[in-house]
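User: Hi! I would like to learn how to read the place where two chains meet. Could you take me through it step by step?

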Amino acid sequence: MSPTLLLLLALGLGLAGWLAARARAWTFRRASTSGRLASLPSYHAWYVALWIVLPVLAFVAIWSATAPGLVTQSVLASPAADQLPAFGFQRQTILNEARAVATGASQAVFNPLAREFVEPYREAISRYNWIGIIVTLLIAFLGGAYSFLRLKPDFAARNRVEKIVMAILLGASLVAILTTIGIFASLVFETVRFFGMVSPIDFLFGTHWAPDPMANAANPDPTRYGAIPLFWGTLFIGAIIAMIVAIPLGLMSAIYLTQYANPKVRAWVKPALEILAGVPTVVYGYFAALTIAPAIRDFAVSLGIANASSESALAAGLIMGVMIIPFVSSMADDSIAAVPQAMRDGSLAMGATTNETIRRVIIPAALPGIVAGIMLAISRAIGETMIVVMAASTAANLSANPLESMTTVTVQIVAMLTGEGSFDHPATLSAFALGFVLFMVTLALNFIALRVVKRFREAYE
Amino acid sequence: MNEQIAPTRTPAFEARLKKRYAAEKRFKALGLSAIVFSIAVLIYLLGSMTINGIGGFQRAEMEVPIDFTQAAISVDPQAIEDGTAVQALQAQGLPEVVQYYAVEALGEEGAEELGTQAWRDVAAAIAEDPGLVQRQATFWLPASADLAAGYDGEGSQDMQELASTLASQGKLDEKFDAGFFTRADATNPQQVGIWGALKGSILTMIVTLMLAFPIGVLAALYLEEYAPKNRWTDLIELSINNLAAVPSIIFGLLGLAVFLAIFPSYRSAPLIGGMTLALMTMPVIVIAGRNAIKAVPPSIRDGALAIGASPVQVVFHHVLPLALPGILTGTIIGMARALGETAPLLMIGMRAFVASPPDSFTSPATVLPMQIFLWSDEIDRGFVERTSAAIIVLLAFLLMMNGLAIYLRNKFEKKW
């Protein structure tokens, strides 16, 4: 039974409970002499509906996570399972094929051995489907019966419903904490496993990056896991090249739009710049790889640089800078707008030209906000994936020449996790260690930027 | 008395002033050129995608007249109903019939370059209109990728010659390919379509919306209306603000390590993709929701409380409806971001080759940006145009969503 159908079933049962409870409350109301209940009928209805839907939802969530495992276990208990190869990739393929046929996802099996398992799978799946449906119905019935029997004319349904609602609200806001914990825990867990195989010193300070997913997992060569070239590539593309493009262009756009442009132009140009920020990064990546990178290579070759690469750091960095322009410009825009008009007027009244006012008064006053915006922009640039995956290369290279190919942390995360390596291999786990470093660095940048903004804002209030 | 100029306007002053005004002009021009450059890049990007992509909505097709009265092909109405008409027609030798007429019309060499699956288009047309088998009909069938390249003036010399011969006879032409919107991924650029990826995107977005919207709105309500000011709520706020700034690929790592560990059999399913993107979208909705809720004036709450509403009623009957337009605007912007997102889905295996549109939330699927990414890796020249065409479709969706958000904002913008 797919989770979708169970969810629909849960909602249907909830609706039934809602209608039944509402009808019940209305009969109370008609029967009572005063025509009044402690709570309105719809609150009785919601009380019963919540008592049905919430437990069922909890069950569906648990069940859809456990049922496939139970099905596989019961298939493995069938006599045919003795012929299966021991643990490993082949065993999994056979089981997956049999499952695909049993669920109707594919027509036939390639592996003759898998045919043996189609029937057991079909039986097990239908058995567990029935168990799932029956337990769902049972839970819904129990919850519904319990709550329905409590309905009385003087039952304070509203207070109960509101208590449940408050609990749901609190739960919803806890999802953010759970997500943060989830990110942190999963990264730390895999990173610790990785550091059990490769020492953190080799990883953080080594200068040679060439993980081999096919090498013996039990005895990895720690000298191949030096991440310095990746950190350098990330910094060079995201924090140097991209910022050389984004900071002047973004800052000058913001200055022009806030200080010079007439409001009508501003009303059109600002949304147009924001389109730049809304273009999906995969489109930028395609643009960089298809149009910009070959153009840069041809240009470099025409200048007589023979070893220019078609996957240059420059192409990825330039396009990333373009993507960041609206981000820098809107942050600068905000902090410039926060500078009190009196400071600007004062400077102009002293006889300064507009650009002197901007350079000597407005920019220094807005500087903390601008710096914070730049830090956020850098954190976005070093976390950016698709542009560098498509336009930079996977070759780790410790070089300051922007025309050479370079790789970044995010490119390597993608490369390590979309390869063939198994989950216990240091090459695969290194992606999590890289992700952990990336997470910590972007978090630190964001945290500092937010603190700077906060302090700056207080200055004028 | 000409020397009696005002003491301040000395020649040195005049020179300085001139310099200062020149600097002013330069500075202004610099600002303008920054904007012009950014807009120019945007126009160049959109323009090059459009010019490339227009061709992607077309494909090279060849004209093949087929006289069904000469071929013993019949249609079983039952087979059409069962959806097995294509197989039934294949069994009756339809591929051979198509091949025979292709040789008649295009010659041996030309018929060779008819796509090997071209007869399927004929079969689909017959299933649509069984009356076809009683008469003569002319079909435009897809040419092979090689011939299509030849038509564009690329590829081998032979193909270019053949293409120009056929084109001059009017038997080879670029035709608008409606099937691009209804087919799924394939290995041949002449046969690919975006419906599979688009449907995957839609299913993924449904899951994302169903999870992120309620959780985001409820969390925003709690934080803005009920949360006591203590260390716990500070922690919640801090984690939401941080989540909004975490790189998207990290969410992919979370999805891989947590969701795929819990649901190993739903690898590359829209369900997992949607759950991962929901975690990414939720903070955006919370932040937009809090701003919208904050904008509702306290007098509304006080008025409702004064006539005896409970705190929950105040929020759900009065505050939420007033804040909803603002929340919706934020939600649409968050969903637009999720729609264009690729990196986290790359981590959870949505990069598989999926040749048929997904039929449920749990079947393997790919999404539109991922399809663009996969096609961009193809070496075949024909895929370049197809990729740009898919990009146009994706950008059209995003512009529509952003336009809707702007419209909603303007329509419901209120001054209290």
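Analyst: Gladly! Buried area is the accessible area (1.4 Å probe) that two parts lose on being put together, summed over both. The size of an interface is often given in this way, as accessible area lost. Here, chain A and chain B bury about 6800 Å² between them, with 80% of it on carbon and sulfur atoms. Leu169(A), Tyr256(A) and Tyr286(A) supply 10% of the area that chain A buries against chain B, more than any other three residues. This is a predicted model: local features need pLDDT of at least 70, side-chain atom pairs count only at pLDDT 80 or more, and totals for chains, interfaces and linings use all residues. Residues are numbered from 1 along each chain as its sequence is written, chains are lettered from A in the order written, and side-chain values use heavy atoms, without hydrogens and water.

User: How many residues of chain A and chain B are in contact?

Analyst: Contact means heavy atoms within 4.5 Å. By that rule, 77 residues of chain A touch 79 residues of chain B.

User: Which side chains meet in a salt bridge?

Analyst: A salt bridge is a side-chain nitrogen of Lys or Arg within 4 Å of a carboxyl oxygen of Asp or Glu. The count between chain A and chain B is one, and it joins Glu356(A) to Arg20(B) at 2.8 Å, N to O.

User: Which helix gives the most to the side of chain A that touches chain B?

Analyst: Helices are DSSP runs (H or I, at least four residues), numbered from the N terminus. Helix α5 of chain A, residues 157–197, gives the most, with 19 residues.

Terms used: Helix = DSSP H or I, 4+ residues; strand = E, 2+ residues; numbered from the N terminus.
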